[in-house]
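Take a walk through this structure, one contact at a time. Keep the sequence and the 3D view side by side as you read.

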Amino acid sequence: MTVLVLCAVVFGIGMYTVLTRREIVAILAGVELMLGSANVLFIALASFSGADAGVAGAIGLVILVIAAAEAAVGLSLVVTISRRSKRSSIDELTEVNG
Amino acid sequence: MSFDQIMEFLRPVLSIGWLPAAIACAAAVAGLVADMFAAEKTGVAIVSAGLAAAALLSFATALLPMGPAGTLIATTFGVVLTGGTFAGLAAVVYFTAFLSCGGGLSSGRAGSRAAVAALVAIGAAAGQVLLGAADVIILFVSLELLALVAYALVASAGSDRADEAAARYFVQGSVATGLAVLGIAVIVGLGAGTSGYVDLGTTLAAMPPGASLLGGMLLVSALAFKVGAFPFHSWVPDAYETAPAGAAAFLSASAKAAAIGGFTLLFVRLMTVQAFASAGLAVSIIAAASIIFGNLAALRQTSVGRMLGYSAIAQAGYALVGVCVSPLGGDSVSAVFLFAATYAVGAATAFVVLEYFASREPQWDGSIAGVAGFATRHPAASVALTIALLSMTGIPLTVGFWGKFFVFYGAAQGGLLWLVIIGLVGSAISFGYYGRVVRSMFFDAPSSRDEVGAPQVGDAPARGSVWPSVLGAAVVIITGVAPLIWGLSLVYALFAFR
Amino acid sequence: MSAFGSNPWLAVAVPFIVAVVIAALGRRATAVTQWVAVLGPITASLVGLAGLQGSVASSSVPWLTQGSASIDAGVAVDGLSAIMLVVVGVVATMVVVFSVGYLEHDGAKARYFSLLALFTAAMSLLVMSTNLVTLFIGWELVGACSYLLIGFWYHKPSAASAAMKAFLTTRVGDVGMLLGLALLWKTTGSLDIATITGAAPGLTAATATAAALLLFMGAAGKSAQFPLHIWLPDAMEGPTPVSALIHAATMVAAGVFLIARMWPLFEVSEAARAVVLWVGTFTALFAATIACVQSDIKKVLAYSTISQLGFMFAALGAGAWGAAMFHLVTHAAFKALLFLGSGSVIHGTGTQDIREMGGLARQMPVTTLTWVVGATALAGIPPLAGFFSKDAVLAGVLHAVPAAGAVLLGASLLTAFYAFRVTRVAFFGQSRAETAAHESPLSMTAPLVVLAALAAVLGFFGGSITHALGLEAEGLEAAVAGASVLAAVIGIVVGIVLYAGDLERAEVLKGRFQRVHRLAFGGWGVDALVQRTIVAPAGAIAGWVYRVLDRTVIDGGVEGIGAGAQFAGKIASRLQSGETDVYASLVAVGFIVVMGIVLWAGR
Amino acid sequence: MTLFALIIVPLAGALVAWIAGRRGHVKPRLVGLLTALAEGVLAATALAQMLASSDQVLLASTRGMQLVLDGLSAPLVLLTGLIGVVAVIASWRIADRPGVHHALLLALEAAVMTVFLAGDLILFYVGWEAVLIPMFFLIGGWGHENRRHAALKFFLYTFVGSVLMLAGIIVAVMTVKSTLIGAPSIPIDPATQPWLFWLIGIGMLVKVPVFPLHTWLPDAHVEAPTAGSIMLAGVLLKMGGYGLMRVAIPYAPDGFAAAAPVLGALGMAGIIYGALMAFAQTDLKRLVAYSSVAHMGFVVLGIATGTSLGYAAAMLAMVSHGLVSALLFLLVGSLYERTHTREIARFGGLGARTPRWGGLFVFAALASLGLPGLSGFPGELLAVIAGFGAFGWWISLVAIGALLGAVYNLSAVRRVVHGGLAEEWSALSDISRGDTIAAAVLCGGIVVIGVAPDLILRLTDPAVTLLVRALGGGS
């Protein structure tokens, strides 16, 4: 139960960060928080429901890897943007619209 | 040897479901290597060849006389369905990817083209896997792989606008990924680690209905994001507009067709569970909203790419019309697959023509008004674009008609006549914006003559070739007319759900 | 004769082919083709003569068949149609011959003679039809020929308007007739005249009256009966020979013919007969008053024609349809004569205004002589034709409805008056013209002489005409004849006396009754009223409906839907603000909404 | 085989014309003319084969489609063959991309043929929509000032109608479990029928077009090139009436019965309204366009009676309107070609200056107002007779419409042919020889059908009787 609450709180913080922070890097961090908490939730639920530890672990690891890849792509995007157009806040990224 | 005998002879090869994906990946690697040591052009060509081979292979597999219901390939976590049913759509995924690269990706940034081609190939492979996924984890992994490829493709344009769109796409996509992971956590976690579709029904049914529903709908939402349905659509116009046209062709065609296929197959499984009884309604509402929103918003656009983006939202809506009745089984699933295929060919052709235009008309700003007079300067490409747009409108004699017809037919059989009418009227409205492009190309004189043909200095884009456009348009027409001559059953043959 | 007797279609086919040939050969060949044009009417009269001998076969072909329903196109020649055929044939022949001289220098002769031949064909079809549909076809075709011939001179705007007015006014009657056809089809299941007349006694009074009145509407339009008479005076804009043929002798009499043809139907409905009677009577008097004050020689004749047709309708309404037909025949002769005479005068003087003529007797002796014969016949002086037929009409009406007969007697007084007013003013006294008139060529005077002869003697054939119609001939009634002659003589005397000398007396009278004169001159204002209340508003209404309803409301609605969609699109794409947080929240909110729908629907 | 040839020959001709268009201006015209003539001959051949068959029906099919020629479609197929030739002649002097223009014309002809010959619903719809594409390009590519807007409006307006029709077709096919056109073997639920009829019918009513769904028509006509207008008015509008009789009514007879009074009212409204609007026009081509609304009102009225007489009326009215409107548009186009204006007020007195044109125009106007002896009359007569049987005295409204028909036609003649000649046209040449020939052919057709309408009815009789019997009505 504690784990569930923890996951919910962390996921909430991640979501809140994504939705309210203006810096792209911070948003990236929020995303990682969301993924991480969901992963923890998965492990918790899996162990709770008596899943095979090996399988559950493997799946958790896969999710982790995906999250890492996601972060890598995200960071590279951030770097590109800040290098190319010196922008770092999403408020400056509203050129494409309509 | 008769056709059947040849096919029987080839059966062992054709039954290796992962072979096309492997070829595509290998081609991607080879292309990158070639880029390093030889010309960029060679790299793109190698990747294109690989994709063509993958497409042919998948197509041949689809033609296999009634084999087993797809070959099950054991993987670490479960199974991937290949062959049979899915090979037809997989062939389309590879074919449209091939069209995307075939023109040499000429509108992309010089120096990045081989990399883009490699990304497309990997994405197509991911698409095939997504399409054939029979396991939630496989579904998730391929979905994410496709997503990462997509972010990179958008950003590959190298413009400020593309960067911005990619960043926004990324943020949104991450939220969607979060939803997907949460969904997996619930479904697989509570399901004691069971992730295969085969057992999904029983696993979900054993769970508390609320939990299974939550997990299922989280996954559905993540897929709806990938498909680009309202209200998960926001990334679509930005990405399609700013990505290099060749990359956009891949995003709008291969990626979307694969996502639709994956969505359908997951949804069919979910709907076997009692708790999901009302999910069909939710999907139909998403479908209606997508059709209405996409068609209306597209009307006001001035950029061709962005207009196609909004129209893609509407097209996703048509696909979902089929999805929400797909649990009826057999023909309904085939109808969605068929629709995805027809849309993909049309969209790929359209974007490939845009790429050609962009490479041949450096002054063109991508606007609808800007294509004025292109019909006289680029007749073949203009006709190809017209055919593609007519196909996406759903006008008969193009393959798009058959896609829409069967989707709506299925929906009508499922009792969703209201949705059919919304969809059909939406199709009619869609010519309001597709037609404007055609009108501009054919009926309008270019605004200022002196700009035309002005010598381009500096970073000249490669001169793209027109053959992928023509090829795409030819496929649209031939497959659009063929059923009239050889019968409607032909339409189903490739996509039969068995 | 037997060739004509066994092939009644010849009366239609020959003139039609002649028309086509003349049109096809065009203007270069008119020197010859203008003479070919007589072949048509001659054939028609030969068929008619064969019919009078009772030797004409009937012939019909299916025209419209659908399942069991069938409408046939058929022709047959009985007494009634034989008489009409002869009238049409003879007058048309005279008119064609006359026209050769009259239109000697006209460049569009081919069109003219072709249309004359076509008219003959249509008129023959009309009178020979055994079926109301074929009759209606002929009926409309003569109207079309009339339209085309009134507007023959393209460059005259007044002619163009007159042509259109003629067609449209008669069309008002024709649509009534069309409805009548529909009604008869519904009640009798056939449009065959014999079938209908056979079934007529079995019809309910209401149906018979409705059908009869609808047919009468057509007849009234064609025969220019009040209030549909307004087109005929204007129709004088056409070439004068055309007026003689179409607007005096034949087409305008078709209304009389129609009622005679459908007589059994009218016999059933007393109400319809009463309407016919009083419309005819009123028109006879009404038109005669107008004819008295016109100064255009053709207008006088036009109103005279309207008035005389009124006589015929009155006779029809009174049940004396034999008398009506008799008067039709004699009227055809003397009115065609008068019109051709006026044509000769116009040809000779270059004007139509009688006040600019005078003293033509010396310059145009033949024309004058024949004109006087015609005028006398019109006035009804024995032993000329008009006397006998008018007497028959008066007798018939007086017996049936004495009041109407009295009115007609007054009308015949006026008839004699205006006939001799024109005669006195135009042909006698001092010349008021600036240039001297000349007598017309032989091709024009010869028809005048022939028609004058007919106008003189036709009265004696009253018996054979009624006999040919299958009716009992009635002798003269001394009292009626006396009253009629008395009225005619009074009219003639007043006419001659009042207009003797230099028109001073008439001017004085005109000055005293200026307002009445003006009203009468303008046709008692009917024309102006129609113009103000129907014609002018129609254009305005059409324009208004087009601007407001069609463009603004309906098409505006259509374009509005388009614009509305565009506007909705604008609103929709505003959602796409470019703000990353909004996009990301859309995903989250979207999921919540979807979940909400599922939960709500799954309750 | 002839039936397939009817569709394939113009398509092949289109291809050849398009290719020939790259080598000069004369060749594509010749290709167009020869193909159109061949098409006409083929149509006649098919008709002969049909008449020679025992049940007066000619069938042909592949695995994917079925083609049928019977009494209902035969007159329209013949009409299409004829109008196709006229359209080619009318566009003879087009100098702007003649190859593409003729290719589009021939493609349009093939599409229309497909509609009339379609023996199954899918093919019917395929043809129905395929018509839009060449027409869209003809209007947009060779039209007049406002062609851009008109082309899109034409496409969108009729397309919205036809997608609703497609929805109806889907429902019908779903219920009947067959795409073959014919009286359904599995009757459609009477509760479904009322809305099903309107769903299928709406696309056809737009095409006809019926008041108040007509406003695309004047815009399309005014902007379309002459050949486009000729095809549009001559044959495309007939698809609507044909579709009603062939598809909408047989599939939803009960729905039709419920809708008949409304249809009748719409038909009558169209007759009066179209005539009134034509009267209000200052643009000659727009006037002719509105006259189509009035004429097609008779078609709808005839169909609405649901009787075989009414159907016969509709068929006659359609054939007649095909000839008459083609003639009118040919003449107006020929005039525009020489004067570059359609403004009625600028004309007048053309009868004297251009007697051939003037005479033809007067003839056309008389035909248009339904003069007996010409082709318009039999249809109108039967429509009135049948309508009187079905709707009683309401038909007197049609009589008013017939009167108005004379008003606008004759006022056009008065304002254009009669009167004084304007200074600017004092050197105007008369109608060209080619156009004269085309016009003469149409005039011939108008006279023949006017004199012997039974020629058409004898063709349609068996088919119409069959259709009406399925409706459960008598004659």
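The side chain of C:Gln576 comes within 2.5 Å of the backbone oxygen of B:Ser234. Bear in mind that this is a predicted model. Where does C:Gln576 lie in chain C? Its place is the loop between helix 27 (526-574) and helix 28 (580-601). C:Gln576 is buried, and its relative accessible area is 1%. The cut-off for buried is under 20%, so a value of 1% falls in that class.

Now look at what surrounds C:Gln576. Residues up to four places away in sequence are left aside here. From chain A, C:Gln576 touches A:Asn97 and A:Gly98. From chain B, it touches B:His233, B:Ser234, B:Trp235, B:Pro237, B:Asp238, B:Arg306 and B:Tyr310. From chain C itself, C:Gln576 touches C:Tyr583.

**Where chain A meets chain C**

Between chain A and chain C the count is one salt bridge. A:Arg22 forms a salt bridge with C:Asp581, and their closest N and O atoms are 2.9 Å apart.

**Salt bridges across the structure**

Step back to the whole assembly. Over all chains, the structure holds 32 salt bridges. One of them pairs A:Arg84 with B:Asp163, with the closest N and O atoms 2.8 Å apart. A:Arg84 lies in helix 3 (residues 53-85) of chain A, and B:Asp163 lies in helix 7 (residues 160-190) of chain B, so this pair joins two chains. B:Asp163 is buried, at 0%.

Another salt bridge has D:Arg148 and B:Asp444 as its partners, at 2.5 Å from N to O. D:Arg148 sits in helix 7 (residues 147-176) of chain D. B:Asp444 sits in the loop between helix 18 (417-443) and helix 19 (467-486) of chain B, so this pair, too, joins two chains. D:Arg148 is partly exposed, with a relative accessible area of 33%. B:Asp444 counts as buried, at 15% relative accessibility.

Turn to a pair within chain C. The side chains of C:Arg355 and C:Asp353 meet in a salt bridge, at 2.9 Å from N to O. C:Arg355 counts as partly exposed, at 38% relative accessibility. C:Asp353 counts as buried, at 16%.

Salt bridges can also be followed through a network. Which residues of chains C and D are linked in this way? From chain C they are C:Asp550, C:Arg551, C:Asp555 and C:Glu559. From chain D they are D:Lys153, D:Asp219 and D:Arg286.

**Inside chain D**

Of the 475 residues in chain D, 71% are buried. Among contacts in chain D with a separation of 6 or more, 82% are between residues 24 or more positions apart.

End at one residue of this chain. D:Gly241 has its place in helix 10 (residues 226-251). D:Gly241 is buried, with a relative accessible area of 0%. Not counting residues up to four places away in sequence, it touches D:Val208, D:Val299, D:Ile303 and D:Met318. D:Ser291 is 50 residues from D:Gly241 along the chain, and their C-alpha atoms are separated by 16 Å.

Definitions and conventions
Residues are numbered from 1 along each chain as its sequence is written. Chains are lettered from A and ligands numbered from 1 in the order in which they are written. This is a predicted model: local features need pLDDT of at least 70, side-chain atom pairs count only at pLDDT 80 or more; totals for chains, interfaces and linings use all residues. Side-chain values use heavy atoms; hydrogens and water are left out. A salt bridge is a side-chain nitrogen of Lys or Arg within 4 Å of a carboxyl oxygen of Asp or Glu. Helices (H or I, at least four residues) and strands (E, at least two) are DSSP runs, numbered from the N terminus. Buried means under 20% relative accessible area, exposed over 50%, partly exposed in between (1.4 Å probe, protein chains only). A polar contact is a pair of N or O atoms within 3.5 Å; within protein, one must be able to donate a hydrogen and the other to accept it, and residues adjacent in sequence count only if both atoms are side-chain atoms. Contact means heavy atoms within 4.5 Å.
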